[in-house]
Amino acid sequence: MKGADIIVESLKKEKVECMFGYPGGVVIPIFHALHNAPFKFVLTRHEQGAVHAADGYARASGKTGVVIATSGPGATNCVTGIATAHMDSVPLVVFTGQVKREQIGNDAFQEVDITGITRPITKHNYLVQDIRDLARIIKEAFYIASTGRPGPVLIDVPVDISNGEYKFLYPETINLRGYKPVYEGHPGQVKKACQLIASSKRPVIYAGGGVVISNATKELREFVKKTGIPVTTTLLGLGAFPETDPLALEMLGMHGTYYANHAVNESDLLIAIGARFDDRVTGKIAEFIPNAKVIHIDIDPASVSKNVLVDVPIVGDCKRVLAGMTEIVTAPEIGEWQAEIEKLKRENPLTYDMNDGGRIKPQHVVEEIYRQTNGDAIICTEVGQNQMWAAQFYKYTQPRTFISSGGLGTMGYGFPAAIGAQLARPDKRVIDIAGDGSIQMNIQELIVAVQHRLPVIIAILNNGFLGMVRQWQQIFWEKRYSHTCIDFAPDFVKLAEAYGAAGFRIETYDEVIPALQQALAITDRPIVLDFRVSREENVYPMVPAGQSFKEIIMRELLA
Amino acid sequence: MAMLNTDNLKQYVISVKVENRFGVLARVASLFSARGYNIDSLTVSATEQEDVSIMTIVVRGDDRVIEQVKKQLNKLIDVIKVSDHTGIPTVERELVMVKVNAPPNKRSEIYQLGEIFRADIADISPRTVTLGVKGDPEHIDNFIELLKPYGIKELMRTGRVSLLKE
């Protein structure tokens, strides 16, 4: 069997249902074999779109996303997508073509050292040097990508390997002596953690993307039901705990709620679950949680005590550790703390001023999306203000319904990710909450959504600025809006129509609900909604970068 | 990250058992370089198992960052085991070759010194002598120190290999 056929047969063995990619010279043999493959192939219009789409597919479904691209520029175009997936622990297997083995290192046409380039941004990568290893490598790649702390794995396949001949034997077992993820928490540590919890007076749970990844939302809810401990989530943890619950503090960090940040700051015990103390969460480390002990549950030992020293580390899978803890934990007596939090929430809600001379406030658009979808959509975001408003003003209640580039902060991620999410979940409405800057970074994928009749809604919060940078320039850089004004812009409605998508412009409050209803009624093609929103609206609250929670800015300071 | 002042930092010896595959050295080395750490020495050694190599890495840092580096090393799929040999009983060896100025009137002194350090004379020329010495790092340091007054023209150290004591 040809190497290219071994690849396709291996993908069948891995029960791949959907694959994303873009052809090129050295992957023609693999595309030749893919022509009759029994799974769906989505041809994106840029390799970066393919990786983001596979990433969105993976985050929405929990399955591994699969990508193929050619050598050289095809491979380098994947780099941003791979780094995005790596930062957010998304399982991907990315195949790249490579020049034939005898040419490697000779600066051949479309040659790059992609295993070298992606070494720090993959969980692991392979350059296939012997066709006899090909099936084993693919088996290992899927295993490594999806187990432990998930992540992207790249397989670089020289064209003479794809064209080579060998028998197909898919290994039954995996033998990786250097890779043995720990799933069960150490019982002694679990017991210690439960003792700390039982005697705590002001505990807070800080739940991250790891809870979503390990499918531990049910276990988290049961743990909270038993202990009554309030829960804040990270950006990627949104949906891990229902934000409609009285114990939900919603998101913490730089643009988190006042009550989440206040509660964490005042806590005597912080229980971190599948979260990694990112600088956008902690602010100034030296002043973060001055009075709290820390329990940290994480599958990645390298995440423990990396930024914040931990009192009780528990290395293991969130789902199993939480289930075990719920069994033995005694609920702490925290009635006073709960009452204090209830009051904090009541007195410091997320808020904004509706009034800007009739111009729509972007927060209102997000709130209306929540209402019109009954909170049952999958929300993807781009990066910047749109991302933060989407995180703040939509109430997430289910896991895998908020899809966003958290760690890397990749503009242009949201729309291709929405395509992937829609393919994974045809039963759900998928909405990309976008900015007018980010959407232009991967707008070419619009034709893919049209081609596959995917009713993804792109809600552009169009303020004519690269809004988050403009906000920093306004607050910290003397209001010098250096190269952040992008009101020299395309007509997004005409653009949508040119691609065969639906497009509407919304300029007043009255038009918001009808436009959303009209969009939601369309089910056979993508819809671009160009919301012309308030131009200089800022995201609040805001803890300035590198400062402590005490420096929180709650609203516009009148100049 | 600010440049580290490596002079004041503690020295660590980390022994990393790895799969004997291409690319492993680059993976291990880049974990250090990505954090702005300069490796003092790195030795890749064959072992009693054909498919296993051991890298002995000598690096300066502080406890917290070295702890993080060890965890990151453990995350590499091709790393089988990470052992910290810092401050625990080990046997260590390295090899140095020194080309030193040796005018006729100093030559016998240098030979004597070499004898004390069990050096072998690797090469002799009209103006220089090249000596090879193996031993633990302190032995090597002392040898180099004593040769300095004669004028060292070239010097190469292999970096150490380190085995835990039984």
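User: What pattern does chain B follow, read along the sequence?

Analyst: This is a predicted model, where local features need pLDDT of at least 70, side-chain atom pairs count only at pLDDT 80 or more, and totals for chains, interfaces and linings use all residues. Residues are numbered from 1 along each chain as its sequence is written, with chains lettered from A and ligands numbered from 1 in the order in which they are written. Chain B has 4 helices and 9 strands (DSSP runs numbered from the N terminus: H or I of at least four residues for helices, E of at least two for strands). Along the sequence they read β-α-β-β-α-β-β-α-β-β-α-β-β.

User: Is A:N463 buried or exposed?

Analyst: A:N463 sits in the loop between strand 16 (457–462) and helix 20 (467–476) of chain A. Burial goes by other C-beta atoms, placed from the backbone, within 10 Å of the residue's own: 20 or more is buried, 12 or fewer exposed, in between partly exposed. A:N463 has 26 of them, so it counts as buried.

User: How do helix 3 and helix 5 of chain A lie relative to each other, roughly parallel or roughly antiparallel?

Analyst: The axes of helix 3 (residues 47–61) and helix 5 (residues 79–87) of chain A come within 7 Å and cross at roughly 25 degrees. Those axes are lines fitted to C-alpha atoms over the stretch in contact, with angles running from 0 to 180 degrees between N-to-C directions. Under 35 degrees counts as roughly parallel, over 145 as roughly antiparallel, 65 to 115 as roughly perpendicular, and the rest as oblique. So helix 3 of chain A is, relative to helix 5 of chain A, roughly parallel.
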